[in-house]
Amino acid sequence: MKFDITKLFLIATAMAAISYIMWQRGLMVISAKRAVAFIGHRRKNSWGASVTACTGYTKRTLRLENGKKYRLTFDCTLTGGEIKVMLSQGKTPLLAFDKDRTKHNLTAGGSLYTITTAFESASGDYKLQWEEI
């Protein structure tokens, strides 16, 4: 069997392109976590998860229409640990959510945002939802 580096390069390039497109559209999640259980929930204007003994993080993109106002709401029911959510644009952090800060209003200044969810020995449920106001 002959090893063809050109085919390998084309396959790797195609996979990178598909991954990039999925990331830009908010379909791909980057995660580094350990958990006894992690069941993610994705809806049209929200996402969240039910977790047990989860430590680590997840990242995904969120597209919002430029110039529109949005209300973001973080609902969290924990039996242990902590969950924090951060919204950033590029490398600039914009909003942070935790058990004490659950609502924010945002006027979208660009279309692509990154949402990072950090888990520290968390057990329970969380949901982040957004609606146009």
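Let me start with what I mean by a pocket: on a 1 Å grid over the protein atoms alone, a pocket is an open set of points with protein on both sides within 12 Å along at least five of seven lines, whereas a cavity is a set of points where a 1.4 Å probe fits but cannot get out, and lining residues are those with an atom within 4 Å of a point. What we have here is a predicted model, in which local features need pLDDT of at least 70 and side-chain atom pairs count only at pLDDT 80 or more, while totals for chains, interfaces and linings use all residues. Residues are numbered from 1 along each chain as its sequence is written, and side-chain values use heavy atoms, with hydrogens and water left out.

With that in place, the second largest pocket is lined by Trp23, Lys59, Thr61, Met86, Ser88, Gly90, Lys91, Leu112, Tyr113, Thr114 and Thr116. Two or more of its lining residues come from each of β3, β4 (69-89) and β7, and β7 gives the most, with four residues. Strands here are DSSP runs of E with at least two residues, and helices are runs of H or I with at least four, numbered from the N terminus. The volume of this second pocket is about 200 Å³, where grid points are joined across faces, edges and corners and a volume is the space filled by probe spheres set on the points.

The largest pocket has a volume of about 230 Å³. Its lining holds 15 residues, and those nearest its centre are Lys44, Asn45, Leu62, Arg63 and Trp130. In this lining β3 (46-63) and β7 (112-132) each supply at least two residues, and β3 gives the most, with four.

Now to the aromatic rings. A pair of aromatic rings is described by the distance of the centres and the angle of the planes. Rings of Phe, Tyr and Trp (its six-membered ring) pair if their centres lie within 6.5 Å, and planes under 30 degrees apart count as stacked, over 60 as edge-to-face and the rest as tilted. By this rule there are five aromatic pairs. One of them joins Phe38 and Phe119, edge-to-face, at 5.8 Å centre to centre and with 90 degrees between the planes. Because Phe38 lies in strand β2 (residues 37-42) and Phe119 in strand β7, this pair ties together parts that are 81 residues apart in sequence.

One aromatic cluster is formed by Phe38, Phe74, Phe97, Phe119 and Tyr126.

The ring of Phe38 has the charged end of Lys33 over it, 4.3 Å from its centre, where "over" requires NZ of Lys or CZ of Arg within 6 Å of the ring centre and within 35 degrees of the ring normal.
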